[in-house]
Amino acid sequence: MRINLEPVGIIKKAGKCSEVLIYSEFEQLIKNIVSKMGKNEDTGRNLLIIHKNKVNNDIHQVQITKTNLIDWAGNILRVGKIDANDDSVIDVRLE
């Protein structure tokens, strides 16, 4: 079975942290995350980022990275350091 997934964003290194740029057509993803965090402040700000690892040659594998959300501005999520650069983001979820 082959499933084609459209990326919703990209990961970029930004000094001591990483930034997840969500493409404009998927901004509803950020709105959903922010609205869920606003209701439950005690749940924390941990995110699960599902992304395709460019270092791995197997095009059918994805990587799941747990990180903390530092802040966001518009469609850019600033998160803790991720060992990824220019990786396609498949999904972002609250833990």
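Is Asp-86 buried, partly exposed or exposed, and what is its relative accessible area? Asp-86 is partly exposed, with a relative accessible area of 27%, where buried means under 20% relative accessible area, exposed means over 50%, and partly exposed lies in between (1.4 Å probe, protein chains only).

**About the model.** This is a predicted model, in which local features need pLDDT of at least 70 and side-chain atom pairs count only at pLDDT 80 or more, while totals for chains, interfaces and linings use all residues. Residues are numbered from 1 along each chain as its sequence is written, and side-chain values use heavy atoms, with hydrogens and water left out. The chain averages a pLDDT of 85, and 91% of the residues score at least 70, pLDDT being the predictor's confidence in each residue, from 0 to 100. Confidence in the chain is lowest in helix α1 (residues 27–39), at a mean of 82, and highest in β2, at 94; helices (H or I, at least four residues) and strands (E, at least two) are DSSP runs, numbered from the N terminus.

**View 1. Asp-86 in its loop.** Asp-86 lies in the loop between β5 and β6. The phi angle of Asp-86 is near 60°, which is a positive value in a residue other than glycine.

View 2. Strand β1 (residues 9–14) pairs with β2 in the antiparallel sense over 6 bridges, and two strands are said to pair if DSSP finds at least two bridges between them. Across this pairing, Ile-11 stands opposite Val-20 in β2. The two strands β1 and β2 form a hairpin with 2 residues between them, and Gly-15 in the turn has a positive phi of about 70°. Strand β2 also pairs with β5 in the antiparallel sense, here over 4 bridges, and Leu-21 stands opposite Ile-76 in β5.

**View 3. Salt bridges.** A search of the whole structure finds 4 salt bridges, each being a side-chain nitrogen of Lys or Arg within 4 Å of a carboxyl oxygen of Asp or Glu. One of them joins Arg-78 and Glu-19, whose closest N and O atoms are 2.6 Å apart. This pair links distant parts of the chain, since Arg-78 is in strand β5 (residues 76–79) and Glu-19 is in strand β2 (residues 17–22), 59 residues apart. Arg-78 counts as partly exposed because its relative accessibility is 33%. Another salt bridge is formed by Lys-66 and Glu-95, with the closest N and O atoms 3.0 Å apart. Lys-66 lies in strand β4 (residues 63–73) and Glu-95 in the segment after β6 (88–94), so this pair ties together parts that are 29 residues apart in sequence. Both Lys-66 and Glu-95 are exposed. The side chains of Asp-91 and Arg-93 also meet in a salt bridge, at 2.6 Å from N to O, and Asp-91 counts as buried because its relative accessibility is 17%.

**View 4. His-51 and Thr-65.** His-51 is found in strand β3 (residues 46–52) and counts as buried, because its relative accessibility is 0%. Thr-65, found in strand β4, is buried as well, with a relative accessible area of 13%. A polar contact of 2.8 Å joins the side chains of His-51 and Thr-65; a polar contact is a pair of N or O atoms within 3.5 Å, where within protein one must be able to donate a hydrogen and the other to accept it, and residues adjacent in sequence count only if both atoms are side-chain atoms. Leaving aside neighbours within four places in sequence, the residues in contact with His-51 include Ile-11, Val-62, Ile-82 and Val-89, contact meaning heavy atoms within 4.5 Å.

**View 5. The largest nonpolar core.** The largest nonpolar core has 17 residues, and those with the most contacts inside it are Val-20, Ile-22, Ile-49, Leu-77, Val-79, Val-89 and Val-92. Such a core is a set of buried Ala, Val, Leu, Ile, Met, Phe, Trp, Tyr and Cys residues joined through side-chain atoms within 4.5 Å. The elements that give two or more residues to this core are β2, α1, β3, β5 and β6, and α1 gives the most, with 4 residues.
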